[in-house]
Every structure is written in C-alpha cells, then in structure tokens.
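I am starting a notebook on a structure that is new to me. I mean to look up the sheet, then the cores, then the rings.

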Amino acid sequence: MKGIRGSTEFEKQFIDVFEQLCRRHHSWKVWQDFVNMSACAIANAVDKRPEVWKLREDSYMETIKSYSKDELNLISELLSITTLALDENPAQDFLGKFYMQLDFGSGWHGQFFTPWHVAELMAKLQLGDEAKDQIASEDYISVCDSCCGAGCMLMAFAKVCKDDMDINYQRSVLFVGQDIDEVVAKMCYIQISLLGCPGYVVVGNSLSEPVCGTTIEPDYKKPENIWFTPLYFTDVWTLRRIKSWNAEVRKLEETVKEERESPKSEEPSKSITPEIVRSVPTVHKPPQMPIMKKSEGKKKPFSWKEFFTVKGKGKK
C-alpha cells in the first residue's frame, strides 16, 4: 500500500479503511472479497431468480467467514465511501483507479484500463442526433462494451448522455458489459449499479462465449454469470422486456404459418399453442426505487445515498 495516495477526501478515506483491512489479510484477498460481497449484496436485493439468488447468497456467507465483525463493518464502509464518491463526482472510474494503482491489473492479459478523458471522448464521438431519433422511434438505445473492465466506457457514456445530449439514460439507455475477468466485471457491475444504469454485466469470454437471446432479454449458458443492475428491474424496463418477448413469439408464429403454407414443407411444423403465448416469464418486482423524471430544468440523476447508512468517516 506504500505510495498510494488519494487526491480527494473520499479517496483518502477509502485508502485508510483498505489499509486497516490489509493488516491481517493480503491486499488482493481483501479487494476480491470486497468486490464479491458488494456485488452479491446489490444483486440479491433485486434479482430473485431462485437458483442464482442461492448461489450468490452462499458465496456471500462463505466470504464473510474470513473476517471479524469489525472487519466486516470496514468492508461495508468501503462500499459506502464508493457510493458517496460516485454520487459527488460521477465522472470518474473510482474502483478502476485503485485497481490499477494497487497493481492488480494483468499486463499478461492486456489489462490496462481506459483513462476517463479518453472514454469520455469516445462516448461523445459515438453519440449524435441519431441517438435521439432512435429513442423517439424505438423507445430506447443500447450501448455495449464487450471488454468492459471496471466500466469506465459505460460510465462515460452515461455522463455524456445526461450532460451533453440531455438524454435520460435511466429510462432511455440499456447498458451492457462483458468481461472475462470475474473481479473487474463485478467492479463494473457495482459502479454502473450505483450510477443508476439499467442493464447487465456478463462474466465470460465475449469471443468464445457470446451472449445469446435479445439485447434486452439475454440468455447465457451460466445464468449466474449475468448480473442485472437494480434499475433493470424497474417498471419501465420490465414492460419493455415483456413487449420484446411477445414480439419474439409473434415472429415464431409467423414463421410457423409460412412453413405450413409452403408447398415445399413435407412435414407440418408444430404450431405454437396459446399456452406458450400466455406463459410470459415471471417478473420479480423489487422494492420501488426512484426514477429520474422529466422536468423543465436540469435533470437530477438517481441517487443511492438514501440506500446506504454511512457511518464514521464516510458521512458527509
């Protein structure tokens, strides 16, 4: 930890708490466990898929066995500090910066995180008037980073949407990330969740193990590797998922109808029964969370402050 210095008050607090945890544990273990526990805590508050919820709960309970009660409070404080830091300044890769400063990055795998100013420039180059046109016609747009790291590119995209394009990204943008490194993928999940970005992060190789399904309703061979953010479960995105599912059903019905009417078809295809159409996947509705609403003045983004009890140094 020598040589690591924070430039802001929250960074200094984060380093101080992290150093206390490293007195009895290796720094990499502390970081890995902090990230895993934080991701599981956020995900299990909203993602109620039974088999996935159980796996994450077991992972959380197994992780806490290595720490005392006081140490667990310190880990909770790390998440509180992260929350307040991103709330005060969303234009930063808070966790990614510490990850690289602590020399956790894997140069062998080409793991070098994008600087914020570069990510912001790329976001500005990608966004144009056509983005608003697509939102007007299709209700939302999506952005994907198939090698997301700690989520810097996605976070920069959210900032540019809000500040430069006047786009309510919580209602009009679906954020998708994927990374082969489980720890950094969870770091991305934590940060875009705290910023109120609807979407999901997938842990896996985007080249050999791409995500199937649709953009808004992904399908992966390991369901537990898809981490849905809290805003993904709000009413507006739930309705869009149901509409997308119904649209897929209609496409299947049309395909079957064409095959049955085609003279080349030797065997009639099985029809899609009404039961299939009615069997819309059960959507677990989480506790109501505030969503950024339209106003004539400057839009205030969703804040996570009220969802965390901050004690000690983390309190503003």
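Before looking at the sheet I noted the terms: two strands pair if DSSP finds at least two bridges between them, and helices (H or I, at least four residues) and strands (E, at least two) are DSSP runs numbered from the N terminus. I keep in mind that this is a predicted model, in which local features need pLDDT of at least 70 and side-chain atom pairs count only at pLDDT 80 or more, while totals for chains, interfaces and linings use all residues. Residues are numbered from 1 along each chain as its sequence is written, and side-chain values use heavy atoms, with hydrogens and water left out.

**Entry: the sheet**

I counted 12 helices and 6 strands in the chain. I then looked up an open sheet of 4 strands, and found the order β1-β2-β3-β6 with mixed pairing. The edges are held by β1 (141-145) and β6 (226-228), and each has a single partner strand, so one side of each is left without a neighbour in the sheet.

Which residue in β3 is the bridge partner of Phe175? I found that it is Gly199, and that β2 (residues 173-179) and β3 (residues 199-203) run parallel, joined by 5 bridges. On β1, Val143 stands opposite Phe175 in β2, and here too 5 bridges join the two strands, β1 and β2, which run parallel.

**Entry: the cores**

I took a nonpolar core to be a set of buried Ala, Val, Leu, Ile, Met, Phe, Trp, Tyr and Cys residues joined through side-chain atoms within 4.5 Å. The largest has 70 residues, and those touching the most other members are Phe14, Trp31, Phe157, Val173, Phe175 and Met187. Apart from this core lies another, of 14 residues, including Ile226, Phe228, Tyr232 and Val236.

I next looked up the contacts of Phe14 (contact means heavy atoms within 4.5 Å), leaving aside neighbours within four places in sequence, and among them are Trp31, Leu78, Phe94 and Phe98. In helix α5 (residues 94-101), the residues Phe94, Leu95, Gly96, Phe98 and Tyr99 are buried, and what covers them includes α1 (9-21), α2 (27-44), α4 (69-88) and α10 (182-194).

**Entry: the rings**

Rings of Phe, Tyr and Trp (its six-membered ring) pair if their centres lie within 6.5 Å, and planes under 30 degrees apart count as stacked, over 60 as edge-to-face and the rest as tilted. By this rule I have 23 aromatic pairs. One of them is the edge-to-face pair of Tyr200 and Phe228, 5.7 Å centre to centre with 65° between the planes. This pair links distant parts of the chain, with Tyr200 in strand β3 and Phe228 in strand β6, 28 residues apart, and both Tyr200 and Phe228 are buried.

Last, I looked for charges over rings, which requires NZ of Lys or CZ of Arg within 6 Å of the ring centre and within 35 degrees of the ring normal. Arg56 lies over the face of Trp227, at 3.7 Å from the ring centre, and the charged end of Arg240 sits over the ring of Trp237, 4.5 Å from its centre.

How values were computed
Buried means under 20% relative accessible area, exposed over 50%, partly exposed in between (1.4 Å probe, protein chains only).
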